[in-house]
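Reader: Please take me through the terms used for this structure. I want each value set against its definition.

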Amino acid sequence: MAAVEAGERLQPRDALRLWQSAPDEALRELAMQVRKRWHAPDECTYLIMRIVNYTNVCVAQCDYCAFYRLPGQSGGYVLEREAVFAKVDDLLARGGDLAGFNGGFNPYLPLDFYCDLFQSLRERYGQKLEFYALTIAEFLYLADRAGLSLAAAAERLAQAGVRWITGGGAEILTESFRARHSKFKYSVAEFFAAQRAILQAGLHTTATMVIGLDESIEERIEHLDRVRRFQDETAGLASFLCWTYLPDHTALGGTRIEPREYLRHLALCRIYLDNLPRLRTSVLTQNENALHGLAWGADDFDLPLEDEVTQMAGARIEPELDSLLRQARKLGFKPRYRKVAGLSA
Ligand code: SF4
């Protein structure tokens, strides 16, 4: 598409046309042209990361989730502090420096529980570790439960040493999608209000998306458009990560999307999000196929050690991190570790 090559923006109707009619190779090449605005063709970065799922007790009841237990249901848990430390110690021993904390909307855990946990991580690990403290969705729930404004809740967390709250819990940012799938997961307007409050408190954040549920292509494009507009307004999103729905043991069920569809979608993200330099590809849900995403517009990926949420729904963790790096090299890329700990952003 000549307009994109000339640096012009894709509009929603153009994105729809591109998705419906562009052959794979044309879409891929266009995405790689946009990627070149920020990254050399063979450059890519990666992180070694562990998601620490500190509780699976949740009241949100998302039908696409195989992870949660309702309050009082058997199998619900909250990790002891020592168990959290053991997971972080293992992450550091294996060369990683980023932990992502992700749990459910647990009505038994007050804001102080989180502040104490995050403060203890800062005291114990100092500059050796960075952590994504919460997702936006969890942050909204916590602020709500604590009866605090979003600004006050963000400030409390910042005082406890939090620097990052990720854009997780976005799934598809349309009102109809959220009403279809969750009893309690906040509106699109609330989601962005929370993200704005996080940035205003001086914290960092990211953008995410999940595809392969029952969303339409129009909903996917609406999601991308909202993210792009938010980034135009704030310039505060450090990266964009799209992963794919895994249906095992979920109430929603369904099937996994085809690897090709994921790659085409990554390309569309790269072309549409022309104001976000870092596009991440999801090894956690796509395994080796995610690395092919580097040739479809992505420039960054995680080597994940653990994430119970996606593993419960069928994710497979590759134990040999080196084999994934070898795969990236075989595809013509030079993966470089992107250190996060000790940096301010
Ligand atoms: S996806 Fe998150 S918020 Fe939804 S039910 Fe699962 S743990 Fe709860």
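Author: Some questions and answers on this model follow. The model is predicted: local features need pLDDT of at least 70, side-chain atom pairs count only at pLDDT 80 or more, and totals for chains, interfaces and linings use all residues. Residues are numbered from 1 along each chain as its sequence is written, and side-chain values use heavy atoms, with hydrogens and water left out.

Reader: Why is Thr166 called buried?

Author: Its relative accessibility is 10%. Buried means under 20% relative accessible area, exposed over 50%, partly exposed in between (1.4 Å probe, protein chains only). Therefore Thr166 counts as buried. Thr166 lies in strand 4 (residues 164-166); strands (E, at least two residues) and helices (H or I, at least four) are DSSP runs, numbered from the N terminus.

Reader: Which residues does Thr166 touch?

Author: Leaving out residues up to four places away in sequence, Thr166 touches Tyr132, Leu134, Thr135, Ile136, Thr205 and Thr206. Contact means heavy atoms within 4.5 Å.

Reader: What makes strand 5 mostly covered?

Author: In strand 5 (residues 205-211), seven of seven residues are buried. One side has Thr205, Ala207, Met209 and Ile211; the other has Thr206, Thr208 and Val210.

Reader: How do you know that strand 5 is joined to strand 6?

Author: Pairing requires that DSSP finds at least two bridges between two strands. Six bridges join strand 5 to strand 6 (residues 237-244), and the two run parallel. In strand 6, Phe240 is the bridge partner of Ala207.
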